Amino acid sequence: MSGDNAKDQPDAATLLAGLAAGLASAEIRIVDLTHRLDPDFPIIVLPPEFGQCAPFRMEEISRYDARGPAWHWYNISLGEHAGTHFDAPIHWISGRDLPNNTTDTLPVQKLVGQVCVIDCEAESDADDDYEMGVDKIAAFEAEHGEIPAQSWVLMRTGWSRRRGADYINLRADGAHSPGPDAAAVRFLVEQRDIIGFGTETVGTDTGQAVHADPPYPAHYILHGAGRYGLQCLANLDQLPPTGAVLVAAPLKIRQGTGSPLRVLALVP
Ligand code: MN
């Protein structure tokens, strides 16, 4: 058998059976990376001349009462980009003409994949406007190995622990929150062929990214290359730097530009 690698590898059915057994025994743990959809959860604020994303709202239809004696349910409404949510390539002008660029057409094979978590908590604690550069990615790879192709990359900042006004961190000159710089995003897309990039903050870009070149470089570069974004993630401190698997499946909204979703990680 030596040298016959195909025979040494477990086949796909064996791999899936192992996954199922690992989940059943809790040897593989599922970590929830999602904030609760809550009317009070902070929403991105654009300058007043632009349209605004609506927050999450719930309206009771009935609660075992005259409106419905045996049943309880709500109508809900929200912007596509409210709460923990997914950005599809059509969200940005750079991705508007790509094939399969909407939530209802994107290839579902991309929605489950390995994940690398780059710990930027110390830098973000020290500087609300911290920009993760290529040097930080190089340091991560020196310690944990090269980011494999078709990975999700998440930027851990500790921002998910913030509440209320501290989360958007709005000042007279706009929002202040950490994110990647343009060169880092370009490196992840062009040199590492990532599936997508995720953050704990309200967007994949820094709060001050309107001043970057190009403006909002994470949105511009990721979506222009058909890659995805995740934002308002939580519990990234429960993930290993490498070796977990991310599940991020947006709602199948017709021509959707993004959607709230439950983001899960399978952790050894
Ligand atoms: Mn978004």
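Me: In this predicted model, at what angle do helix α6 and helix α7 pack, and is the arrangement parallel or perpendicular?
Reply: Helix α6 spans residues 182-190 and helix α7 spans residues 217-224, and their axes lie 9 Å apart. The packing angle is about 15°. Angles under 35 degrees count as roughly parallel. The relation of α6 to α7 is therefore roughly parallel.

Me: Which residues of α6 and α7 meet, and how many of them are charged?
Reply: From α6, the contact involves Ala-182, Val-185, Arg-186 and Val-189. From α7, the partners are Pro-217, Ala-218, Ile-221 and Leu-222. These residues comprise seven nonpolar and no polar, and the number charged is one.

Me: How many of the eight residues of α7 are buried, and which elements are included in what covers them?
Reply: The buried residues of α7 are Pro-217, Ala-218, His-219, Ile-221, Leu-222 and His-223. Because six of the eight residues are buried, α7 is largely enclosed by the rest of the structure. The covering elements include β4 (85-87), β10 (179-180), α6, β11 (196-199) and β12 (228-231).

Me: Which residue with a positive phi follows α7?
Reply: The phi of the residue in question is near 75°. The residue that follows α7 with this value is Gly-226.

Me: Which elements give two or more residues to the largest nonpolar core?
Reply: The largest nonpolar core has 23 residues, and those with the most contacts inside it include Phe-86, Trp-152 and Leu-230. The elements giving two or more residues to this core are β5 (112-119), β7 (152-156), β12, β13 (244-248) and β15 (263-267).

Conventions: Residues are numbered from 1 along each chain as its sequence is written. This is a predicted model: local features need pLDDT of at least 70, side-chain atom pairs count only at pLDDT 80 or more; totals for chains, interfaces and linings use all residues. Side-chain values use heavy atoms; hydrogens and water are left out. Axes are lines fitted to C-alpha atoms, for helices over the stretch in contact, and angles run from 0 to 180 degrees between N-to-C directions. Helices (H or I, at least four residues) and strands (E, at least two) are DSSP runs, numbered from the N terminus. Angles under 35 degrees count as roughly parallel, over 145 as roughly antiparallel, 65 to 115 as roughly perpendicular and the rest as oblique. Contact means heavy atoms within 4.5 Å. Ala, Val, Leu, Ile, Met, Phe, Trp, Tyr, Cys and Pro count as nonpolar, Asp, Glu, Lys and Arg as charged, and the others, Gly among them, as polar. Buried means under 20% relative accessible area, exposed over 50%, partly exposed in between (1.4 Å probe, protein chains only). A nonpolar core is a set of buried Ala, Val, Leu, Ile, Met, Phe, Trp, Tyr and Cys residues joined through side-chain atoms within 4.5 Å.
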